[in-house]
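The exercises below are meant to be worked with the sequence and the coordinates side by side. Try each task before reading its solution.

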Amino acid sequence: MDTLRLLGAITALEPRAKQKENTDRAAVEVPVDAFYSLMGRLKSDPQLAFDMLYTHTAVDWSAKGEGPGEFELVYQLYSMTHGHYLLVSARIPRDNPVAPTVSPIWKIAEWQEREVYDMFGVLYENHRDLRRLFLEDGWNGFPLRKDYKDEFMLERPE
Amino acid sequence: MSVHVSTLEERIRLQRTDGSPLATQEYFVNMGPQHPSTHGVLRLVLRLDGETVREVIPVLGYIHRGIEKMGERLGYRQFVHLSDRLDYLSALSNNWAISMAVEKAAKIELNDRIQVIRTIVAELQRIQSHQLWWGVFGMDLGAFTPFLYGFRDREIITDIFEETMGSRLTMNYIQPGGLMFDIHPNFVKRTKDFLTYFKPKLVEYETLLSENVIMQERLRGVGKVDAEAAVSLGCTGPVLRASGVAHDLRKLEPYGVYDKVQFDVAIGRTGDCWDRYWVRLEEMRQSMAIIEQLIDNIPEGKHMVMKPAAKIKLPEGSTYTHLETARGILGVYIVSDGSEEPYRIHLRTPNFNNLWMITEAAKNWRLGDLVAVLSSLDIVVPDIDR
């Protein structure tokens, strides 16, 4: 399916999904409360059939703009059947970073989400094994947050 | 007169004062992080019932270096250096992935010479990576000779790379906008010599290891993962293709000059260890065919289309680019705020996503089979930890 028809099919499923600007592939942004049900339908709908979750990551937008800021959760989906891509993004507040897990839909999400928890501190509801992935269990802070500091980090020379 | 023939269990039970049968229990064993068959510092916590694996819990992070965090403070040209340190056996493909992402976003047009050379060196590296895997695979299963054979033949490619790139492992050769150096005058001849040398050697690989009955018994039917599970578990590359999914970015979304060469995509049928083994052997053959079609027709031109010192700024927005390394899909997700450094750079690495299938594939197999499954995944740990 080409980008336009794909976006049309997705807005038909979820009217609150908006096209995301400045991306190189088809991309939609959805409110986090509509997110889980949309993700399930993206996989089960035979017209869409997004059976592969290539990657899941997050972006910390707190270095831009005022206030506590937001995390943007990014999911890169691919359909083996149709060969089309979709980037799904959802924004959650940085001071209450809770999102539903998609690991029941794509198994690999279990570990991709653990990485995002480890690096950003995003809490996934109903995740069966949410733990640190790379860092030790007792590590303080989440390194990929823009305001992360620890004693090993060097100041950047001007 | 009756003779009583005893059993081991009875012999042991006699020693127990209460006469109860032999008690069994499940137990946990650490495999790694220092273990020869985990190829680096990967730790697996195993729940065992006797010698049967009930659960595999991978524990990561022993060489986590925070490459994505470092990337936020580096220019795109600098970041290419770090990409070598992901999957060091696919250093050129990694360089290429970053370069391709930058070139696509910054709209840098390349000439044919650059594309052809990139394709040739990437395929040479695919062969070299599979040679090393083949050697180590044999060793993990208890055959030492393949290790020596694999390294002997890999050395020739490494020498070819060293002559052109000045480096044997972390090449940093493919740059945004072209190549670090032009190819060495000996490159074409030595590559052709290598092909002539290696073709009969690949037949030798087959007679030495593939046709070995112990190998066949230990691989066939072991650690099966069907197509649906492999897709859901995020497997890519030879691991996914072994499960019967013909998914190869070189065919589906050709980059470089893959659309101008003839080659076949090797796929397996059952997704067992044997298929993962066979797919890689066939890929070596296909890679040689690709190089053969290109090596005599490298077009003339410059090896760099922009000044090496030129600053690269990507337009605001996000971009996702990926390509097929020797182990699967390496994806680069860049979020740019319009400056010289990425606001966020994320790497979707093939090994990270391939690793998790062992939690399903090795379940209820023996400990020795776990080693076979792990080795058939061709894990490179720095690529998992980043």
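The confidence score pLDDT is the predictor's confidence in each residue, from 0 to 100. This is a predicted model, in which local features need pLDDT of at least 70, side-chain atom pairs count only at pLDDT 80 or more, and totals for chains, interfaces and linings use all residues. Residues are numbered from 1 along each chain as its sequence is written, while chains are lettered from A and ligands numbered from 1 in the order in which they are written.

**Exercise 1. Find where confidence is lowest and where it is highest in chain A.**

Begin with the chain as a whole: chain A averages a pLDDT of 85, and 98% of the residues score at least 70. Then go through the elements, where helices (H or I, at least four residues) and strands (E, at least two) are DSSP runs, numbered from the N terminus. The lowest confidence in chain A falls in helix 1 (residues 3-13), with a mean of 79, and the highest in helix 3 (residues 109-120), at 91.

**Exercise 2. Derive the order of the strands in the sheet of chain A, and state which strands are at the edges.**

Two strands pair if DSSP finds at least two bridges between them. Strand 1 of chain A is joined to strand 2 of chain A by 2 bridges and the two run antiparallel, with A:Lys18 standing opposite A:Glu29 in strand 2. Next, strand 2 (residues 27-29) of chain A pairs with strand 5 (residues 85-93) of chain A in the parallel sense over 3 bridges, and A:Ala27 has A:Leu87 of strand 5 as its bridge partner. Strand 5 of chain A also pairs with strand 4 (residues 70-78) of chain A, in the antiparallel sense and over 9 bridges; here A:Tyr78 is partnered by A:Tyr85. The hairpin of strands 4 and 5 of chain A has 6 residues between the strands, and A:Gly83 takes a positive phi near 75° in it.

**Exercise 3. Determine how helix 6 and helix 7 of chain B are oriented to each other.**

Take the axes as lines fitted to C-alpha atoms, for helices over the stretch in contact, with angles that run from 0 to 180 degrees between N-to-C directions. The axes of helix 6 (residues 145-165) and helix 7 (residues 187-210) of chain B come within 11 Å and cross at roughly 170°. Angles under 35 degrees count as roughly parallel, over 145 as roughly antiparallel, 65 to 115 as roughly perpendicular and the rest as oblique; helix 6 and helix 7 of chain B are therefore roughly antiparallel to each other.

**Exercise 4. Describe the side of chain B that touches chain A, by element and by class.**

Two residues are in contact if their C-beta atoms, placed from the backbone, lie within 7 Å, and by this criterion 28 residues of chain B are in contact with 25 residues of chain A. Elements of chain B that give two or more residues to this side include helix 2 (67-71) and helix 9 (227-232), but strand 6 of chain B gives the most, with 4 residues. For the classes, Ala, Val, Leu, Ile, Met, Phe, Trp, Tyr, Cys and Pro count as nonpolar, Asp, Glu, Lys and Arg as charged, and the others, Gly among them, as polar. The side of chain B that touches chain A then has 9 nonpolar, 12 polar and 7 charged residues.
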